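Please read the following briefing alongside the sequence and the model.

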Amino acid sequence: MRTKIGTKVYDTEKSQLIGEQVVGQYCSADGFEERLYRKAAHDYFIYGLGGSLSPYPQETLLSLSLADATEWMQRILGAERATEILQADEAELAKKAEVKAAKATKTSKTVKETTEKSTKSCCKTGRSKCKK
């Protein structure tokens with residue numbers, strides 16, 4: 001299932017299934033199934049489907065806050081597994097931050113080198129308005 005919530009697109013086929021639970025009997029009015037998916041680090045959503053008296057009387061995708069996703073994982077998967085998943089999220093976010101910082105440093109160096117080269121060539125040509 002795929003749906004847009006706000007500015008984000010959530011897709012069960014392109015996201016990682018984290019866990020699921022089935023409550024009640026299949027095809028019972030109050031029975032339902034829900035699956036927790038991970039779109040990206042700290043970006044979770046629930047897919048739910050159930051009977052007419054269930055929390056999901058029709059196919060539903062719900063975006064979750066990190067706190068709600070954590071609570072769901074602890075309740076359904078257990079505290080140890082929830083901690084493993086959240087630590088993997090933190091590692092992914094740290095790696096992304098490192099890559100971003102490295103790109104920023106590289107861009108900064110390139111701009112500085114370009115400025116220095118243009119200043120040197122300006123002074124060599126004898127122009128009166130050289131940058132210093």
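**Briefing on the predicted model**

Of the contacts in the protein chain between residues at least 6 apart in sequence, 36% join residues at least 24 apart, contact meaning heavy atoms within 4.5 Å. This is a predicted model, in which local features need pLDDT of at least 70 and side-chain atom pairs count only at pLDDT 80 or more, while totals for chains, interfaces and linings use all residues. Residues are numbered from 1 along each chain as its sequence is written, and side-chain values use heavy atoms, with hydrogens and water left out.

**Chain overview**

- The secondary structure of the protein chain comes to 2 helices and 6 strands, where helices (H or I, at least four residues) and strands (E, at least two) are DSSP runs numbered from the N terminus.
- Along the sequence these elements follow the pattern β-β-β-β-β-β-α-α.
- Buried residues account for 30% of the 132 residues in the protein chain; with a 1.4 Å probe and protein chains only, buried means under 20% relative accessible area, exposed over 50%, and partly exposed in between.
- The accessible surface of the protein chain is about 9,300 Å², and 53% of that surface belongs to carbon and sulfur atoms, as given by the Shrake-Rupley method with a 1.4 Å probe.

- An open sheet of 4 strands is arranged in the order β3-β4-β5-β6 with antiparallel pairing, two strands being paired if DSSP finds at least two bridges between them.
- Because β3 (16-23) and β6 (60-64) stand at the edges with a single partner strand each, one side of each is left without a neighbour in the sheet.
- Neighbouring strands of this sheet are turned by 20 degrees against each other on average, direction ignored; the axes are lines fitted to C-alpha atoms, for helices over the stretch in contact, and angles run from 0 to 180 degrees between N-to-C directions.
- Strand β5 (residues 43-50) runs antiparallel to β6 and is joined to β6 by 5 bridges, and Y44 stands opposite L64 in β6.
- Helix α1 (residues 66-76) lies across β3, β4 (32-40), β5 and β6, and runs at about 60 degrees to β3.

**The β1-β2 hairpin and I5**

- Strands β1 (residues 2-5) and β2 (residues 8-11) run antiparallel and are joined by 4 bridges, with T3 opposite Y10 in β2.
- The hairpin of β1 and β2 has 2 residues between the strands, and G6 takes a positive phi near 65 degrees there.
- I5 is placed in strand β1 and counts as partly exposed, at 29% relative accessibility.
- Apart from its neighbours within four places in sequence, I5 is in contact with Y10, L61, L62 and S63; the C-alpha atoms of I5 and S63 are separated by 7.4 Å, although these residues are 58 residues apart along the chain.

**Aromatic rings**

- The structure holds 3 aromatic pairs, where rings of Phe, Tyr and Trp (its six-membered ring) pair if their centres lie within 6.5 Å, and planes under 30 degrees apart count as stacked, over 60 as edge-to-face and the rest as tilted.
- Y37 and F45 form a stacked pair, at 5.3 Å centre to centre with 10 degrees between the planes, and both Y37 and F45 are buried.
- Ring pairs link Y10, Y37 and F45 into a cluster.
- K39 lies over the face of Y10, at 5.4 Å from the ring centre; a charge sits over a ring if NZ of Lys or CZ of Arg is within 6 Å of the ring centre and within 35 degrees of the ring normal.

**The loop residue H42**

- H42 is found in the loop between β4 and β5, and its phi is near 65 degrees, a positive value in a residue other than glycine.
- With 27% relative accessibility, H42 counts as partly exposed.
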